[in-house]
Amino acid sequence: YLTIAERVMQFDTHPVWLTNLPTYAEKARRFPGSTFALGVDTLSRVTDLRFYKERQSLLEAAMDAFVDLDTRFVVFGRFDGRRFVTLDDLALPNQLRPLCTAVPESTYRNDTSSTAIREGA
């Protein structure tokens, strides 16, 4: 099991913040100019209307905020149980796509899910 400290230590040349803010829009507002590292599964939830009270206008405001706040996303592919899903497989809002950089599968692939790790698999 990786502890939070072990995960953070891998970024010893860059500042890392830990937060319990519930959405990436809120994190972007708290840390303008930040780059977030996340999996495609998490990035797909960044555009899920349920996190914006089912209101398209709130989703669009969040996407505009990412642009205005110079937010970037480094996106890792994930195995979804059937296939390896990459950034190219996601349908993203036009504002969000240019803010994302894919980490190629050839550079990084780990099919162990964080859920499986938490469950002791």
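## The aromatic cluster

In this predicted model, one aromatic cluster is formed by Tyr24, Phe36, Phe66 and Phe73. The count of aromatic pairs comes to five. A pair of aromatic rings is described by the distance of the centres and the angle of the planes. For tyrosine 24 and phenylalanine 73, the ring centres are 6.3 Å apart and the planes meet at 65°, so this pair is edge-to-face.

Where do these two residues lie? Tyrosine 24 belongs to helix H2 and phenylalanine 73 to strand E2, so their pairing ties together parts that are 49 residues apart in sequence.

## Around tyrosine 24

Is tyrosine 24 buried or exposed? With the cut-off for burial at under 20% relative accessible area, tyrosine 24 counts as buried at 19%. Phenylalanine 73 is buried too, with a relative accessible area of 1%.

## Helix H4 and its buried side

Helix H4 runs over residues 56–68, 13 residues in total, and spans 18 Å from first C-alpha to last, close to the expected 18 Å. Its buried residues are Leu59, Ala62, Met63, Ala65 and Phe66. They cover an arc of only 155° around the axis, which puts them on the same side of H4. As a reminder, an α-helix has 3.6 residues a turn, so residues three or four places apart point the same way.

What do the buried residues of H4 pack against? Their partners are helix H2 (24–30), helix H3 (40–46) and strand E2 (72–76). Just after H4, aspartate 70 adopts a positive phi of about 55°.

Key
Residues numbered from 1 in each chain as written. Predicted model: local features only at pLDDT ≥ 70, side-chain atom pairs only at ≥ 80, totals over all residues. Heavy atoms only, no water. Helix = DSSP H or I, 4+ residues; strand = E, 2+ residues; numbered from the N terminus. Expected span 1.5 Å × (residues − 1). Buried < 20%, exposed > 50% of the residue type's maximum accessible area, 1.4 Å probe, protein only. Arc of directions from axis to C-beta. Contact = heavy atoms within 4.5 Å. Phe/Tyr/Trp six-rings, centres within 6.5 Å; stacked < 30°, edge-to-face > 60°.
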